[in-house]
Amino acid sequence: MGNASSTLTQYDIEEVQEHSNNLFSQQEIVSLYKRFCQLDRNSKGFISADEFLSVPEFAMNPLSQRLLKMADGLNFKEFVAFLSAFSTKASMPQKIHLIFKVYDSDSNGKVTFNGILEVLRDLTGSFMSDEQREEVLSKVLREAGYSRDSTLLLDDFIKIFGKLDLKMEVEVPVD
């Protein structure tokens with residue numbers, strides 16, 4: 001599985017489906033496998049950062065460099081699990097967990113005010129000044145009972161962002 005010349009067995013499909021919390025149908029998994037094989041140009045069984053960048057939507061994403069750290073070297077099963085946060089069936093905590101990983105750039109399980117500010121800078125570019133970003137972030141944290149000095153864990157992140165109506169959905173075309 002994961003090699004462009006191989007095919008998915010029913011067992012493979014069910015295994016991937018289970019690994020991705022059943023957020024994709026079997027048809028969607030087959031479609032994702034076809035896309036994975038297209039991206040895996042050298043049939044290595046995993047997708048490199050360069051191969052991910054060949055997807056225009058991914059390359060244009062202001063967070064692409066952060067996402068690349070998470071996505072580089074994924075095999076097919078990991079690729080589907082990574083994409084599962086974007087499923088229409090994904091729960092809010094599942095979506096927030098992916099967002100948390102984006103903010104947790106050193107993978108220590110903690111996010112700081114400055115770490116969040118860095119991501120906001122990537123997202124907003126010159127549309128907001130540093131002062132505006134700091135003001136907005138301070139207000140959001142304060143309203144949730146945190147301060148600039150707080151170190152946030154995943155549960156804190158879910159508490160803060162769980163009330164928001166986050167739209168993180170990608171439609172998987174089914175052939």
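1. Of the 175 residues of the protein chain, 42% count as buried, where buried means under 20% relative accessible area, exposed means over 50%, and partly exposed lies in between (1.4 Å probe, protein chains only). The model is a predicted one, in which local features need pLDDT of at least 70 and side-chain atom pairs count only at pLDDT 80 or more, whereas totals for chains, interfaces and linings use all residues. Residues are numbered from 1 along each chain as its sequence is written, and side-chain values use heavy atoms, with hydrogens and water left out.

2. The secondary structure of the protein chain comprises ten helices and two strands. Helices (H or I, at least four residues) and strands (E, at least two) are DSSP runs, numbered from the N terminus. Read from the N terminus on, the order of elements is α-α-β-α-α-α-β-α-α-α-α-α. Among contacts in the protein chain with a separation of 6 or more, 60% come from residues 24 or more positions apart; contact means heavy atoms within 4.5 Å.

3. The aromatic residues deserve a separate point. The structure holds nine aromatic pairs. Rings of Phe, Tyr and Trp (its six-membered ring) pair if their centres lie within 6.5 Å; planes under 30 degrees apart count as stacked, over 60 as edge-to-face and the rest as tilted. The pair formed by Phe36 and Phe76 is edge-to-face, because the ring centres are 5.5 Å apart and the planes stand at 70 degrees. This pair links distant parts of the chain, as Phe36 belongs to helix 2 (residues 26-39) and Phe76 to helix 6 (residues 76-83), 40 residues apart. Phe36 is buried at 0% relative accessibility, and Phe76 is buried at 1%.

4. The rings of Phe100 and Phe157 are also paired: their centres are 5.2 Å apart and their planes at 75 degrees, so the pair is edge-to-face. Here too, distant parts of the chain are linked, with Phe100 in helix 7 (residues 92-103) and Phe157 in helix 10 (residues 154-161), 57 residues apart. Phe100 has a relative accessible area of 5% and is buried; Phe157, at 0%, counts as buried.

5. Which residues do ring pairs link into a cluster? The cluster consists of Tyr33, Phe36, Phe52, Phe76, Phe79, Phe82 and Phe86. A contact between a charge and a ring is found at Lys44, whose charged end sits over the ring of Phe46, 5.1 Å from the ring centre. A charge sits over a ring if NZ of Lys or CZ of Arg is within 6 Å of the ring centre and within 35 degrees of the ring normal.

6. Two packed helices are described by the angle between their axes and the distance between the axes. The axes of helix 1 (residues 10-19) and helix 6 come within 9 Å and cross at roughly 40 degrees; axes are lines fitted to C-alpha atoms, for helices over the stretch in contact, and angles run from 0 to 180 degrees between N-to-C directions. Helix 1 is therefore oblique to helix 6, given that angles under 35 degrees count as roughly parallel, over 145 as roughly antiparallel, 65 to 115 as roughly perpendicular and the rest as oblique. The crossing of helix 1 and helix 6 is right-handed; a crossing is left-handed if the near helix is turned anticlockwise from the far one by less than a right angle, and right-handed if clockwise.

7. Helix 8 (residues 113-124) packs with helix 9 (residues 130-143) at an angle of about 125 degrees, the axes being 10 Å apart. Helix 8 and helix 9 are therefore oblique to each other, and their crossing is right-handed. Residues of helix 8 in this packing include Phe113, Ile116 and Leu120, and those of helix 9 include Arg133, Leu137 and Leu141.

8. Asn21 counts as partly exposed at 49% relative accessibility, and Asn22 is partly exposed at 49%.

9. Ala59 is found in helix 4 (residues 56-60) and is partly exposed, with a relative accessible area of 36%. Leaving aside neighbours within four places in sequence, Ala59 is in contact with Leu53 and Ser64.
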